[in-house]
Amino acid sequence: MSSRPTLPEWQDLQDLSESDGQRHLRDLFAEDPGRFGRFSGEAAGLFVDYSKTRITSRVFEGLVALGKAVGIEARRDAMVAGERINVTENRAVLHVALRDTAKGKYLVDGVDVMGDIQTVLSRMEEFCGEVHNGTRTGATGKPLTTVVNIGIGGSDLGPVMVTEALKPYDIEGRRTFFVSNVDGTHMAQTLAQLDPETTLFVIASKTFTTQETMTNAESAKAWYLEKGGTEAGIANHFIALSTNEEAVSAFGIDTENMFPFWDWVGGRYSLWSAIGLPIALQLGWDNYRALLDGAAAMDRHFEAAPLEENLPALLGLIGVWHRSFLGMATNAVLPYDQYLHRLPAYLQQADMESNGKGVTLSGAAVSYPTGPILFGEPGTNGQHAFYQLIHQGTDVIPCDFIAPAQSHNPLGDHHEKLLANFLAQPEALMRGKTVTEVTTDLQAEGLEGHEIADLANHKVFPGNRPTVSILMEKLTPATLGALIALYEHRIFTQSVVWDINAYDQWGVEQGKVLAKSILPELKGGEATRHDASTAGLIEKIKAMRGM
């Protein structure tokens with residue numbers, strides 16, 4: 001079992017969970033007028049208020065002490081130094097290098113990786129410029145105005161989220177589609193909207209063997225050829241984001257049209273690499289560079305700020321407090337900006353694939369809860385869907401509220417109403433509503449006696465539900481980059497405290513292996529070596545398909 005619970009700092013927090021951790025936030029605010037100022041901070045264009053979380057000064061000090069005891073700062077420094085902190089795959093973890101320009105700072109096995117990074121960035125910038133100015137065209141000479149990114153997981157979720165979030169920065173006349181699901185409907189519906197003469201397909205797969213991606217890529221190629229394209233024209237209409245030159249070439253893509261990245265770039269951290277090329281094609285190079293710069297600004301804060309002032313680290317520690325000490329199993333991400341509607345899905349992978357682990361770095365079983373279940377929807381949609389459970393359900397669900405102070409679309413008083421809800425929900429979750437307050441309200445409405453008794457308990461809100469509020473002046477490429485990096489480092493911090501590897505995903509691989517063995521059976525082979533349920537379902541599907 002992990003040794004974390006034997007640490008005195010862990011034991012101190014365990015004791016505090018029974019005392020300070022049970023105190024009501026309403027009382028903590030009443031007792032401490034300076035709470036907001038002490039438990040909030042600003043970095044890289046983001047203001048973060050964590051005063052409505054279940055911490056006291058003693059808990060704050062205990063969390064910082066735990067962070068130091070488990071070596072968050074040393075582990076962070078090891079990551080930046082290019083050490084192979086992904087121990088199960090023997091890899092460095094250096095996505096931070098992709099958005100920095102500091103030569104000599106980032107080394108892998110003693111070799112400066114910045115030269116390789118700059119080479120790929122320069123090629124990406126040049127390619128974008130050629131597409132945008134029309135010097136790179138389709139096979140018939142028409143401009144490439146439409147991009148279709150074919151990828152899955154990290155090769156899809158990041159670019160999708162960013163292009164949706166930054167739609168105000170779109171280059172006029174350009175369109176970008178994303179196809180990820182191996183369900184043929186996703187590809188068919190996308191192809192129906194395309195002109196083969198003006199479409200550029202971007203095949204995004206590190207290995208160029210991912211089943212879903214390559215199935216979709218082959219369908220795209222077949223469609224292009226069916227629509228009158230030629231084998232020679234594939235060079236004009238298909239590019240690869242990959243490390244597998246042989247497979248790329250075998251597909252028919254000229255390796256001159258391949259943009260590489262490295263094994264120290266994890267899939268869910270890859271939008272900063274060549275995987276981000278569709279973002280740059282849609283938004284322009286300057287906006288993509290601003291996205292990287294915003295993330296780099298948060299990186300510098302994370303690398304330099306002491307734990308007591310380090311926003312990603314503090315949010316990570318508070319997340320550990322809620323999850324491992326107070327037993328809160330879920331976390332909601334609630335962006336009050338429609339452009340951020342894909343952020344919860346993106347962070348689901350970033351967090352749950354990173355910290356959904358049950359063994360430590362040494363392979364021992366953990367004895368405490370790790371990664372939370374993460375979900376979310378943009379406000380105010382979520383308020384009319386699942387907030388009821390957050391307010392009055394039996395589970396306490398910490399929530400992250402995110403909003404820009406200024407809107408890209410200042411229509412009437414829409415944004416003021418949006419912000420009013422952004423502010424009201426965390427306050428309601430913190431304060432709750434007592435039976436006395438409910439009774440007073442019902443009396444004011446003219447109810448009395450048994451009418452009040454029948455309704456009162458139904459209208460009581462327990463409150464004491466923790467929230468974090470993240471504000472930015474406006475949603476821009478730079479502030480979005482900072483926001484993503486804030487979460488990346490928060491997730492990393494939690495993995496250090498939990499003593500787990502945030503950078504592998506072996507659980508994902510098992511399902512892929514089984515799917516490959518089942519595929520020929522669905523095509524007519526006999527279902528063998530399965531449990532009775534799986535074998536029965538295979539035969540039932542075949543019967544339904546007339547096989």
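Predicted model: local features only at pLDDT ≥ 70, side-chain atom pairs only at ≥ 80, totals over all residues.
Side chains of opposite charge can pair when their charged atoms come close.

| Salt bridge | N to O distance |
|---|---|
| E31 and R23 | 2.4 Å |
| E303 and K105 | 2.9 Å |
| K167 and E164 | 3.6 Å |

**E31 and R23.** These two side chains meet in a salt bridge, with N and O 2.4 Å apart. How accessible is E31? Its relative accessibility is 51%, so E31 counts as exposed; the cut-off for that class is over 50%. R23 reaches 31% relative accessibility and counts as partly exposed.

**E303 and K105.** The side chains of E303 and K105 also form a salt bridge, at 2.9 Å from N to O. Which parts does the pair tie together? E303 belongs to helix α13, residues 285–304. K105 sits in the loop between α5 (72–80) and β3 (107–108). The pair therefore ties together parts that are 198 residues apart in sequence. K105 has a relative accessible area of 32%, which makes K105 partly exposed.

**K167 and E164.** The closest N and O atoms of this salt bridge are 3.6 Å apart. K167 is partly exposed, at 38% relative accessibility. E164 is partly exposed as well, at 23%.

**A network.** Salt bridges also link residues in a group. Which residues are linked in a network of salt bridges? They are R26, R431 and E437.

Terms used
Residues numbered from 1 in each chain as written. Heavy atoms only, no water. Salt bridge = Lys/Arg side-chain N within 4 Å of Asp/Glu carboxyl O. Buried < 20%, exposed > 50% of the residue type's maximum accessible area, 1.4 Å probe, protein only. Helix = DSSP H or I, 4+ residues; strand = E, 2+ residues; numbered from the N terminus.
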